[in-house]
Amino acid sequence: MNIILLGAPGSGKGTQAAFLIEKHGLTHLSTGDMLRAEIAAGSDLGKQAKAIMESGQLVSDEIVIAMIAARLGDKGALFDGFPRTIAQAEALDKLLTGRGSQIDTVIELQVGNEEIVQRMLTRGRSDDNEATIRQRLAVFEAQTKPLTDYYQKQGKLRSIDGSGELAAISARIEAALH
């Protein structure tokens, strides 16, 4: 089973990913975690990614797709924060088709922008200041929201209310998978 968690930065993708990975034994492919690991390692990729992320922009498709391809195993995967654009979705479809697989379900976590800003301001990351958060939300709206139409047309999109208690959100996701 291959699942995409789709939602704005701070919508709870990482939190819900942990639940799904444990429950279904999926490989966690979080582009944010991969990029932060590269930054922490001080690699050339990490230095490039840090500058891009601190400006509130998205890292290039080529960089992200190469990271995904290198980490994609044979068992099911949970894509957390990827794809972010139609081009990335098409590249992921091509990558998975080449491996005899596909995306099974796309879970969209819907959370209001003001709740997201408050969540992100309290998590304490260096790139989480209000101006950067609002820029990231604007980038998400412009570049990522079209993915909902893309996956809706494929019949794979399940929109979930991402507000409220964690257990309730997890239960809504689990119900959407069945």
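Contact is taken here as heavy atoms within 4.5 Å. The model is predicted.

Five strands form an open sheet in the order 2-3-1-4-5, with parallel pairing. Strand 2 and strand 5 (157–161) are the edge strands, and each pairs on one side only. From one strand to the next, the twist averages 20°. Strand 4 (residues 105–110) and strand 5 run parallel and are joined by five bridges. Across this pair, V106 stands opposite L157 of strand 5.

D80 lies in strand 3 (residues 77–80). This residue is buried but has no salt bridge. K13 is the nearest side chain of opposite charge, at 5.1 Å. A salt bridge would require a side-chain nitrogen within 4 Å of a carboxyl oxygen. Neighbours within four places in sequence aside, D80 is in contact with L5, K13, G14, A17, H28, L29, S30 and T31.

Helix 4 (residues 61–71) has four named positions in its buried set: I63, V64, M67 and I68. Down the helix axis, these buried residues fall within an arc of 130°, so they line one face of helix 4. An α-helix has 3.6 residues a turn, so residues three or four places apart point the same way. On the other side of helix 4, E62 and A70 are exposed. The buried residues of helix 4 pack against two strands of the sheet, strand 2 (27–30) and strand 3. They also pack against helix 2 (31–41), helix 3 (44–54) and helix 5 (86–98).

Note on methods. Residues numbered from 1 in each chain as written. Predicted model: local features only at pLDDT ≥ 70, side-chain atom pairs only at ≥ 80, totals over all residues. Heavy atoms only, no water. Buried < 20%, exposed > 50% of the residue type's maximum accessible area, 1.4 Å probe, protein only. Lys, Arg positive; Asp, Glu negative; His and termini not counted. Arc of directions from axis to C-beta. Pairing = 2+ DSSP bridges. Axes fitted to C-alpha atoms, helices over the stretch in contact; angles between N-to-C directions.
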